[in-house]
Amino acid sequence: MAHAVTRSPARRAAFEAAYGIAATGDLDMALADPAVDAVILLTPPDSHRDLGRRILAAGKHLLIEKPAGLVTEDTRFLADLAGSAGLLAAPVLQHRFRPAIRAVAAALASGALGRLCGVHCLIPWWRPQSYYDAPGRGTYARDGGGVLLTQAVHTLDVLRALCRGATITAAQAVTSPLHRMEAEDLVCALATFGPDAAPGTIMATTACSPGMTETMTLILERATIRIEGLSATVLYSDGRIEDLGGQGASGSSADPMAFDHASHRDLIAAFLDTMEGRAPLAVDLSDLIATREMIDAMV
């Protein structure tokens with residue numbers, strides 16, 4: 001049995017019309033259903049701690065959108081609850097499931113490309129003022145932060161995971177003249193990456209009109225890896241070029257929903273595989289905590 005829960009009658013009606021699944025405004029009723037094994041929590045960040053607690057207290061596994069609360073401690077709180085109850089709790093960090101990212105991870109893990117020597121990450125996205133005019137958007141009270149936590153978190157999570165860690169050494173976060181909002185919309189940072197402390201830079205913004213694809217450049221001893229949106233390329237020092245595939249939109253422009261959904265499907269499928277004992281959990285709340293700590297060091 002599946003339930004869709006929202007407080008909005010209009011959204012309930014629209015969901016039922018689109019998907020043929022009964023929607024309700026009664027979360028307690030849905031959580032009391034013994035046929036429900038897991039819940040995907042898609043509400044605004046300011047509700048995540050309390051709703052996540054209720055879901056785990058009801059004995060349901062939890063797949064939670066980022067960020068898992070307004071502050072890092074909220075994520076630790078939910079992770080501890082899940083661990084104590086023997087339940088799964090995982091974040092929606094779907095970029096980890098992009099085929100090109102998986103291919104890059106495998107190439108790095110092989111060791112064939114040598115040590116990481118340098119990193120550059122650029123996230124030049126755009127959101128119009130109308131996006132931030134929505135009630136609560138871009139505020140600390142509802143979202144917990146700005147561009148880093150709402151948009152850049154996915155790219156930063158992939159970057160941290162591929163490089164096997166990141167330490168921010170200096171950063172500047174501002175609200176640019178292009179937006180009227182409380183939190184930051186432009187951040188520049190210096191960092192070191194991985195066990196060899198490779199130097200690198202990060203820039204993330206939603207003030208770069210009309211929005212461009214995010215890029216990550218990993219400089220290694222025997223190759224440079226270039227990740228651009230959903231695609232990745234290995235440029236070897238001997239002149240060879242290897243295309244690791246991937247294509248599609250990444251949500252960099254004014255329409256926040258203009259992105260490929262295949263990685264979301266893969267993430268959900270992997271979560272179900274773990275629920276049914278077929279595979280270990282690929283990404284858990286400890287990953288989100290580590291990425292959130294990286295973000296906390298930039299603002």
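Me: Which residue in β5 stands opposite isoleucine 64?

Reply: Keeping in mind that this is a predicted model, isoleucine 64 stands opposite proline 91 in β5. The strands β4, residues 61–64, and β5 run parallel and are joined by three bridges.

Me: And what order do the strands of that open sheet come in?

Reply: The order is β3-β4-β5, three strands with parallel pairing in an open sheet. Its edge strands are β3 (38–41) and β5 (89–91), each of which pairs on one side only, and neighbouring strands are turned against each other by 15° on average, direction ignored.

Me: Switching topic: is arginine 127 buried or exposed, and why?

Reply: Arginine 127 counts as buried because its relative accessibility is 2%, which is under the 20% cut-off. It lies in the loop between β6 (116–124) and α6 (129–132).

Me: What does arginine 127 touch, leaving out residues up to four places away in sequence?

Reply: Its contacts include Tyr132, Gln151, His179 and Thr206, and also Gly251, Ser252, Ser253, Ala254 and Pro256.

Me: Okay, what kind of peptide bond joins lysine 66 and proline 67?

Reply: That bond is cis, with omega about -15°, and proline 67 is found in the loop between β4 and α4 (72–85). The peptide bond from serine 209 to proline 210 is cis as well, with omega near 5°, and proline 210 is in the loop between β9 (198–205) and β10 (215–220).

Me: Last one: what is the phi of arginine 164?

Reply: Arginine 164 has a positive phi of about 60°, although it is not a glycine, and at 65% relative accessibility it counts as exposed.

Key:
Residues are numbered from 1 along each chain as its sequence is written. This is a predicted model: local features need pLDDT of at least 70, side-chain atom pairs count only at pLDDT 80 or more; totals for chains, interfaces and linings use all residues. Side-chain values use heavy atoms; hydrogens and water are left out. Helices (H or I, at least four residues) and strands (E, at least two) are DSSP runs, numbered from the N terminus. Buried means under 20% relative accessible area, exposed over 50%, partly exposed in between (1.4 Å probe, protein chains only). Contact means heavy atoms within 4.5 Å. Two strands pair if DSSP finds at least two bridges between them. Axes are lines fitted to C-alpha atoms, for helices over the stretch in contact, and angles run from 0 to 180 degrees between N-to-C directions.
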